[in-house]
Amino acid sequence: MSGSEGMTVELTHRAMAMLKAVAQQRAEMSTSCEPDLFVDGFACCDQMTAHALAKGGYVRPGAGVAAAGRVPAELTEAGAAALSVTAAA
């Protein structure tokens, strides 16, 4: 599946679980150029997938958040669409 930035990301079960955690407002991400994902306060075990989801346009730092460090993560339209496709299947 291709995100809004055109990068193709394989949406594995793990990637979908990450997107679900973001949708449930249980995730934070770092504001670095290679954003790390934290779920329930713990670093995600697969940061390569977290980076791919961010670069692919599926997740982003929360709107209106300009702080450095960890900020709430939110789904983009592409992330929400990916979750809705699997929910409908």
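## Close-up views of a predicted model

In strand β2, V39 is the bridge partner of A27. This is a predicted model, in which local features require pLDDT of at least 70 and side-chain atom pairs count only at pLDDT 80 or more, whereas totals for chains, interfaces and linings use all residues. Residues are numbered from 1 along each chain as its sequence is written, and side-chain values use heavy atoms, with hydrogens and water left out. Strand β1 (residues 27-30) and strand β2 (residues 37-39) run antiparallel and are joined by three bridges. A hairpin of six residues leads from β1 to β2. Strands are DSSP runs of E with at least two residues, helices are runs of H or I with at least four, and both are numbered from the N terminus.

Five strands form an open sheet in the order β3-β2-β1-β5-β4, with antiparallel pairing (at least two DSSP bridges between two strands). β3 and β4 (59-61) are the edge strands, each pairing on one side only. Helix α1 packs on this sheet and touches β1, β2, β4 and β5; the direction of α1 makes about 105° with that of β5. Within the sheet, β1 is also joined by three bridges to strand β5 (residues 70-75), and these two strands run antiparallel.

**Packing of helix α1 against helix α2.** Helices α1 (residues 13-23) and α2 (residues 47-55) pack at an angle of about 65°, and their axes lie 10 Å apart. Axes are lines fitted to C-alpha atoms, for helices over the stretch in contact, and angles run from 0 to 180 degrees between N-to-C directions. The crossing of α1 past α2 is right-handed, that is, the near helix is turned clockwise from the far one by less than a right angle. A15, M18 and L19 of α1 meet T49, A50 and L53 of α2 in this contact (heavy atoms within 4.5 Å). By class, the contact has five nonpolar residues, one polar and no charged.

**Surroundings of S30.** S30 is found in strand β1, and its bridge partner in β5 is R70. With a relative accessible area of 12%, S30 is buried; buried means under 20%, exposed over 50% and partly exposed in between, for a 1.4 Å probe and protein chains only. The side chains of S30 and S32 form a polar contact of 3.3 Å. The side chain of S30 also reaches the backbone nitrogen of D36 at 2.8 Å. A polar contact is a pair of N or O atoms within 3.5 Å; within protein, one must be able to donate a hydrogen and the other to accept it, and residues adjacent in sequence count only if both atoms are side-chain atoms. Beyond its neighbours within four places in sequence, S30 is in contact with P35, D36, F38, G69 and R70.

Most residues other than glycine have a negative phi. Q25, which is not a glycine, has a positive phi of about 60°. Q25 is found in the loop between α1 and β1 and is exposed, at a relative accessible area of 72%. D40 likewise has a positive phi, near 55°. D40 lies in the loop between β2 and β3 (42-43) and is partly exposed, with a relative accessible area of 47%.

Technical notes
Nonpolar A, V, L, I, M, F, W, Y, C, P; charged D, E, K, R; others polar.
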